[in-house]
Amino acid sequence: MIVYPLWHVGHQNEAGDNDSTVHVDQGGVFIDEQDGDDVKLLGIYSTRERAEERMKQARLLPGFRDEPECFLIDGYELDEDTWAEGFVRIPPGE
């Protein structure tokens, strides 16, 4: 099964010229947690399209609209062990 985590990076770094903040570089969204960048998981979606739709909505919200290009959607393959670890299914009515 493949799921699509949606991440947002709030930049606090000073990695650029003259201690400027680097938001995006040639590899895409720049992330440097050691320099204080704040990486938030906004959700995990069943399709890339659903993650992209949520990203469009998030770009309009306070806290995200200041860095509208700083979202990442990254496909992740779950195997049975990964999916079951840490989750408990509670049947309805219990």
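**View 1. The structure has one aromatic pair by the rule used here (ring centres of Phe, Tyr or Trp, taking the six-membered ring of Trp, within 6.5 Å).** The two rings belong to Phe 64 and Phe 71, with centres 6.0 Å apart and planes at 45 degrees, so the pair counts as tilted. Planes under 30 degrees apart would be called stacked and over 60 edge-to-face, with tilted for the rest. Phe 64 is buried, at 14% relative accessibility, and Phe 71 is buried too, at 7%. Here, buried means under 20% relative accessible area, exposed means over 50%, and partly exposed is in between (1.4 Å probe, protein chains only).

A quick word on what you're looking at: this is a predicted model, where local features need pLDDT of at least 70 and side-chain atom pairs count only at pLDDT 80 or more, while totals for chains, interfaces and linings use all residues. Residues are numbered from 1 along each chain as its sequence is written, and side-chain values use heavy atoms, with hydrogens and water left out.

**View 2. Here's the whole protein chain, with two helices and six strands.** Starting at the N terminus, the elements go β-β-β-β-α-β-β-α. Helices (H or I, at least four residues) and strands (E, at least two) are DSSP runs, numbered from the N terminus. The chain has 94 residues, and 28% of them count as buried. Take the contacts (heavy atoms within 4.5 Å) with a separation of 6 or more: 65% of them come from residues 24 or more positions apart. The chain exposes about 7000 Å², with 47% of that supplied by carbon and sulfur atoms. These areas come from the Shrake-Rupley method with a 1.4 Å probe; for residues, only the protein chains shown count as cover.

**View 3. Zoom in on His 8, which sits in strand S1.** With a relative accessibility of 3%, His 8 counts as buried. So what does His 8 touch, leaving aside its neighbours within four places in sequence? Its contacts include Asp 38, Val 39, Lys 40 and Leu 42, and also Gly 63, Glu 67 and Cys 70.

**View 4. Helix H1 covers residues 48-58, and its buried residues are Ala 51, Met 55 and Ala 58.** These residues lie on the same side of H1, because they cover an arc of only 60 degrees around the axis (going by the directions from the helix axis to the C-beta atoms). They pack against three strands: S1 (2-10), S4 (38-45) and S5 (71-73). Turn to the other side of H1 and you find Glu 49, Arg 50 and Lys 56 exposed.

**View 5. Now a closer look at Glu 49, a residue of helix H1.** Glu 49 is exposed, with a relative accessible area of 56%.

**View 6. The structure's one salt bridge (a side-chain nitrogen of Lys or Arg within 4 Å of a carboxyl oxygen of Asp or Glu).** The partners are Arg 59 and Glu 69, and their closest N and O atoms are 4.0 Å apart. Both sit in the loop between H1 and S5, ten residues apart, and the pair links distant parts of the chain. Arg 59 is partly exposed at 27% relative accessible area, whereas Glu 69 counts as exposed at 53%.
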